Amino acid sequence: MEYRKIEPAAISGNPFEMIGKEWALVSAKKADGTVNTMTVSWGSMGVLWSKNVVQIYLRPQRYTKEFVDQAGRFTLSFYGEGAKKELGYLGKVSGRDEDKIAKVGFNVRDFDGVPAFEEARLVLVCRSLYAQSLEPECFLPGNSCDKDCYPLKDYHTMYVAEIEAVYEKAE
C-alpha cells in the first residue's frame, strides 16, 4: 500500500467521529522491537503550546501503556467503520496474553520508525510531550464523570503528543 505525507491541517474527517465512533489504534514499539497496540476511543486533536497535538488517555493496567511510556513516540491510526470488529478485539484482548495483532490479520508497517498497520487509512506519527495521571480531586463539582467512568478508581494517564507527521493512504 502506498501512503502520501500530508500536513495535519489537511486531515479530512470529523475528529469526534474519527475518535469517538470509528475509534483508532495507538501503537508503539519497545527497545527490543516488540510492538503492541490497543484501541482508543477517548482523545482529541487541536493546538497546544503552538504545536499540532493529539491527546490520548490510557489506563494504568493497559499493556500498551508500557510501550508508549518507554518509546516516547507512538502512532494513532484510523481505519473507518469497516474495521470495527478488529479494533474491538484489539481493545479487549491484551498483548500480554497472545499475539493479538496476528490474530486479527493486521500487518505491521514502519512510519518514520514507529509502528502502525498497512490496513490503516490514516496514520499520525506522534511524539509525547506531556503525561499526567488524572486525579479524582480535580473533577469539578456537579458532574458524574468520576463516578460513571472510574468505578475501579483506575484513572487514565493523559498524554499530549505533537503530531510529527501524517500519512494518508493513496487512492
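**Figure 1. Asp154 and its polar contact with Arg59.** In this predicted model, the side chains of Asp154 and Arg59 make a polar contact at 2.9 Å. A polar contact here is a pair of N or O atoms within 3.5 Å; within protein, one must be able to donate a hydrogen and the other to accept it, and residues adjacent in sequence count only if both atoms are side-chain atoms. Asp154 sits in the loop between helix H5 (145-149) and strand E10 (157-169); helices (H or I, at least four residues) and strands (E, at least two) are DSSP runs, numbered from the N terminus. With a relative accessible area of 12%, Asp154 is buried. Buried means under 20% relative accessible area, exposed over 50%, and partly exposed in between (1.4 Å probe, protein chains only). Setting aside neighbours within four places in sequence, Asp154 is in contact (heavy atoms within 4.5 Å) with Arg59, Pro60 and Gln61.

**Figure 2. Two positive phi angles in loops.** Lys153 counts as partly exposed, at 49% relative accessibility. Asp112 isn't a glycine either, yet it has a positive phi of about 55°. Look for Asp112 in the loop between strand E7 (108-111) and strand E8 (114-117); it is partly exposed, with a relative accessible area of 38%.

**Figure 3. Helix H3 and its buried face.** Leu87, Gly88 and Leu90 are the buried residues of H3 (residues 84-92). Seen down the helix axis, they fall within an arc of 165°, so they line one face of H3; the arc is that of the directions from the helix axis to the C-beta atoms. What do these buried residues pack against? Their partners are helix H1 (15-22), strand E2 (24-29), strand E3 (35-40) and helix H4 (100-104). Turned away from the buried side, the other face of H3 carries exposed Lys85 and Lys92.

**Figure 4. Leu129 in strand E9.** Leu129 belongs to E9 (residues 122-133) and is partly exposed, with a relative accessible area of 35%. Leaving out neighbours within four places in sequence, Leu129 is in contact with Trp49, Lys51, Val53, Val160, Ala161 and Glu162. Arg73 is 56 residues away along the chain, and its C-alpha atom is 9.4 Å from that of Leu129.

**Figure 5. Cysteines without disulfides.** The structure holds zero disulfides, a disulfide being a pair of cysteine sulfur atoms within 2.5 Å. Cys145 is in no disulfide, and the nearest cysteine sulfur, that of Cys149, is 5.8 Å away. Is Cys145 buried, exposed or partly exposed? Cys145 counts as partly exposed, at 38% relative accessibility, whereas Cys126 is buried, at 0%.

**Figure 6. The whole chain, for context.** Five helices and ten strands make up the secondary structure of the chain. Buried residues account for 42% of its 171 residues. Among contacts between residues at least 6 apart in sequence, 72% join residues at least 24 apart. Along its principal axes, the C-alpha trace spans about 50 × 40 × 30 Å.

**Notes on the values.** Residues are numbered from 1 along each chain as its sequence is written, and side-chain values use heavy atoms, with hydrogens and water left out. Since the model is predicted, local features need pLDDT of at least 70 and side-chain atom pairs count only at pLDDT 80 or more, while totals for chains, interfaces and linings use all residues.
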